[in-house]
Amino acid sequence: MEAITSFIGAINSIVWGPMMLVLILGVGLFLMLGLKLMPILKLGTGFKLLFEGRSTKEGEEKEGEISPFNALMTALSATVGTGNIAGVATAVFLGGPGALFWMWCTALVGMATKYSEAVLAVKYREVDEEGNHVGGPMYYIKNGLGSKWAWLGTMFAIFGAAAAFGIGNTVQSNSVADVLQSNFGLNVWVTGVILMVLVGAVLIGGIKRIGHVAGALVPIMAIAYLVAGLIVLAINAEAIPAALDLVFTHAFTSTAAEGGFAGAAVWMAIRFGVARGVFSNEAGLGSAPIAHAAAQTKNPVRQGLVAMLGTFIDTLIICSITGLVIITSGEWTSGVSGAALTSAAFAQALPGVGNYLVAISLAIFAFTTIIGWSFYGERCVEFLFGVKAIAPYRVLWIIAVPVGAGVSLDFIWLVADTLNAMMAIPNLIALALLSPIVFKLTKEFFADKA
């Protein structure tokens, strides 16, 4: 096991090295500039389309399986997970407060990335033999870049099908089991079995049931967590200016050792801020466009405007709340990491309540992530082997839930982190090569609106 961990760690240091961070931020910045800052300037339009898309209209907007709103909620169900609670805490623990600044930078350019992914997903989607709309990086690589690039789409599908078991399954069930055991004394295997039953019950209904469950649960859980976070920040209001000063100062200067905090160089702030930012909002991974491809819309740009809200909501709102709660509490110097650090930060302001609130939030966040990512993994294996592969993949997915609950968290985080990068590489290459299509469709859409 030590040899395997060491080998994966070596790969991780390569795929998450300077080149990957330049690729993620560079492609995002290129797309943002190519779109002339449209994702930021048209944020209000995105929210307007989101609420209009809660139900589908007759006629024009009928292609697809789920409403544009439920497509975003499915994508958000997969992105709003342990990354928002444990991931932010890990970034601050390893990279210092400056990591939060680099998470924000990743999210800002990530809005352009997520927009472009969804535009291409709807533009190049197909209808499979069961009549479902299927799309995502593997399809926009195959249909947009042509046969000479087909191998790149295959690589994405292989990495996506495997990565799903890390980021979207075992990491989530492990985090839930860990936090419920520490707060409620619940046995990890009991948690694993309960999660397995609940996930199985949802997956039987396919994308339509996943969309309905996500559309109901995601808004409630996100709002409840935000309200709790804002209450904590109101209690810690006097510490907010100093916390923001730490964030901006340590984004560009090393963080000194303090208490249980070992200190962090600027590179660590960038490394963990970007990596955990991508882990949380998934902009550039190519996962979310798989959900957006199932939306009932004929207009790629409309769905892209809705899709980019996922990054804004996930990182610039939810992760910011978590990060500021941790920094204002002072607990980031305590030497505790992961979900335990977030629990300690909430409990500091809300004794006897805060830690339970985080435990329940994380359990719901992780459950919705497991069902959202199951759909991503299924679409990847369908691309590779056809619809006949979905049922066995689904069985493996359900079995992996309790297995993940009982194994080492450190090893799972390492594998998930590595596979995320392996997914991102083919997707980012495709986004750069297909960017002229995105710019053209965007220009035409807003010219018609003028």
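Thr333 is buried, with 15% relative accessible area; buried means under 20%, exposed over 50%, and partly exposed in between (1.4 Å probe, protein chains only). This is a predicted model, in which local features need pLDDT of at least 70 and side-chain atom pairs count only at pLDDT 80 or more, while totals for chains, interfaces and linings use all residues. Residues are numbered from 1 along each chain as its sequence is written, and side-chain values use heavy atoms, with hydrogens and water left out.

Thr333 sits in the loop between helix H16 (309–329) and helix H17 (338–349). Helices (H or I, at least four residues) and strands (E, at least two) are DSSP runs, numbered from the N terminus. The side chain of Thr333 reaches the backbone oxygen of Gly330 at 3.1 Å. Leaving aside residues up to four places away in sequence, Thr333 touches Glu258, Gly259, Gly260 and Phe261, where contact means heavy atoms within 4.5 Å.

**Salt bridges**

Side chains of opposite charge can pair when their charged atoms come close. A salt bridge here is a side-chain nitrogen of Lys or Arg within 4 Å of a carboxyl oxygen of Asp or Glu. The structure holds six salt bridges, including those in the table.

| Pair | N to O distance |
|---|---|
| Glu52 and Arg302 | 4.0 Å |
| Lys142 and Glu126 | 2.8 Å |
| Glu378 and Arg394 | 2.8 Å |

The salt bridge of Glu52 and Arg302 links distant parts of the chain: Glu52 lies in helix H4 (residues 43–52) and Arg302 in helix H15 (residues 300–307), 250 residues apart. Glu52 is partly exposed at 34% relative accessible area, whereas Arg302 is buried at 18%. Lys48, Glu52 and Arg302 are linked in a network of salt bridges.

Glu378 and Arg394 form another salt bridge, with Glu378 in helix H18 (residues 354–385) and Arg394 in helix H19 (residues 390–405), 16 residues apart. Glu378 is buried at 5% relative accessible area, and Arg394 is partly exposed at 21%.

**Nonpolar core**

A nonpolar core is a set of buried Ala, Val, Leu, Ile, Met, Phe, Trp, Tyr and Cys residues joined through side-chain atoms within 4.5 Å. The largest nonpolar core has 148 residues, and the members touching the most others include Tyr115 and Leu305. Not counting residues up to four places away in sequence, Leu305 touches Tyr115, and its other contacts include Met38, Leu49, Phe445 and Phe446.

How values were computed:
Polar contact = N/O pair within 3.5 Å; in protein donor to acceptor, adjacent residues only side chain to side chain.
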